Amino acid sequence: MKTLLNISVAALILAGGAYLYAEDDYEEHEHRSSSVVAKPMTKQDKTTMALYQKECGACHIAYQPEFLPKRSWDKTMNTLDSHFGTNASLDPADHKTIQNYLATHASRNDRMTGMGGEIAMRISETPNFKREHREVAQKMVTQAEVKSFANCAACHTKAASGSYREREIRIPNYGSWE
Ligand code: HEC
Ligand code: HEC
């Protein structure tokens, strides 16, 4: 099981996918990773990823689409002109490409959805995220070097490349987690 997990993780990262929750790596991931191995990224996929990184990675990391379900991404994409106090609007062609990209890679897992049937706009508000971070003290998050849970890369040194392994965590002023 462990080996299988590691292989699928490596494949996901190579393919530009994400290594997300380890402990309960649900079936969906294994299915996805096997199809990823069989089907490498096309040139078109790479262009789309680069566009996503550029447009949605300018103010924070380009969050991996696997962290939210399609309806969350749709809501985000439909409200970009008032995006967490900023305007993140895109031209129509890029908007369409990115919305499709997010929909294609979105989570199909219910635990990625918001609490109480709400459409989660934040990864950090999903039940899965809260459960994984329940032991992270508030003061580690609110400190100036981090500011909020949205700043994944402040603690997860390889977040931008889609890797969230525990050994890669460095919390500013607190150090590694292990
Ligand atoms: C002009 C800057 C800017 C751009 C461009 C931008 N965002 Fe954001 N985004 C923000 C800010 C500011 C926040 C709130 C950060 C915080 O709470 O600390 C945010 C938060 C988010 C969050 C919630 C993170 C969490 O879990 O708390 C998601 C999801 C998100 N953005 C997706 C996107 C997507 C998708 C795009 C591209 C279409 C994008 N953003 C482009 C500024 C931007
Ligand atoms: C203040 C530092 C901090 C921030 C900011 C943060 N995390 Fe974490 N994250 C942690 C710590 C610490 C753990 C390990 C918790 C544990 O094992 O109890 C963790 C665990 C995880 C895990 C599980 C890893 C595994 O091996 O199971 C994932 C996935 C994850 N975080 C994603 C994110 C994402 C996505 C964001 C941004 C939206 C984020 N984190 C923001 C500190 C942070």
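Me: On what conventions do the values rest?

Reply: This is a predicted model, in which local features need pLDDT of at least 70, side-chain atom pairs count only at pLDDT 80 or more, and totals for chains, interfaces and linings use all residues. Residues are numbered from 1 along each chain as its sequence is written, chains are lettered from A and ligands numbered from 1 in the order in which they are written, and side-chain values use heavy atoms, with hydrogens and water left out.

Me: How many helices and strands does the chain have?

Reply: Helices (H or I, at least four residues) and strands (E, at least two) are DSSP runs, numbered from the N terminus. Here the chain has eight helices and two strands, in the order α-α-α-α-α-α-α-α-β-β from the N terminus on.

Me: What share of the chain is made up of buried residues?

Reply: Buried means under 20% relative accessible area, exposed over 50%, and partly exposed in between, with a 1.4 Å probe and protein chains only. Of the 178 residues in the chain, 44% are buried.

Me: Which residues coordinate the iron atom of ligand 1?

Reply: Donors are N, O and S atoms within 2.8 Å of the metal (3.2 Å for Na, K and Ca); water is not among the atoms, so sites may look incomplete. In this model His60 and His83 each coordinate the iron atom of ligand 1 through NE2, at 2.0 Å. His60 belongs to the loop between α3 (43-56) and α4 (70-78), and His83 to the loop between α4 and α5 (92-105), so the pair ties together parts that are 23 residues apart in sequence. His60 is partly exposed, at 29% relative accessibility, whereas His83 is buried at 15%.

Me: What is the geometry of the site of the iron atom of ligand 1?

Reply: Four donors count as tetrahedral if all angles lie between 85 and 135 degrees; four count as square planar and six as octahedral if opposite donors are over 155 degrees apart and all others between 65 and 115; anything else is irregular. The six donor atoms at the iron atom of ligand 1 give angles of 87 to 179 degrees, and the site is octahedral.

Me: Which residues coordinate the iron atom of ligand 2?

Reply: The iron atom of ligand 2 is coordinated by NE2 of His133 and NE2 of His156, at 1.9 to 2.0 Å. Its six donor atoms subtend angles of 87 to 179 degrees, which makes this arrangement octahedral. His133 is in the loop between α6 and α7 and His156 in the loop between α8 and β1 (170-171), so the pair ties together parts that are 23 residues apart in sequence. His133 is buried, at 16% relative accessibility, and His156 is buried as well, at 13%.

Me: How many residues surround ligand 2, and of what classes are they?

Reply: A residue is near a molecule or strand if one of its heavy atoms lies within 4 Å of it. Around ligand 2 there are 24 residues, the closest being His133, Phe149, Cys152, Cys155 and His156. For the classes, Ala, Val, Leu, Ile, Met, Phe, Trp, Tyr, Cys and Pro count as nonpolar, Asp, Glu, Lys and Arg as charged, and the others, Gly among them, as polar. The shell has 17 nonpolar, four polar and three charged residues. Helices α6 (127-132), α7 (138-142) and α8 (152-155) each supply at least two residues of this shell.

Me: Between which domains does ligand 2 lie?

Reply: Domain bounds come from an automatic or database domain assignment. Both domain 1 (1-40) and domain 3 (133-178) give residues to the shell, so ligand 2 lies between them.

Me: With which side chain does Asn128 make a polar contact?

Reply: A polar contact is a pair of N or O atoms within 3.5 Å; within protein, one must be able to donate a hydrogen and the other to accept it, and residues adjacent in sequence count only if both atoms are side-chain atoms. The side chain of Asn128 makes such a contact with that of Arg131, at 2.7 Å. Asn128 is in helix α6 and is buried, at 0% relative accessibility.

Me: Where is a positive phi found in a residue other than glycine?

Reply: Most residues other than glycine have a negative phi. Lys147 has a positive phi of about 80 degrees; Lys147 lies in the loop between α7 and α8 and is exposed, at 64% relative accessibility. Asn173 has a positive phi near 70 degrees; Asn173 lies in the loop between β1 and β2 (175-176) and is exposed, at 61%.
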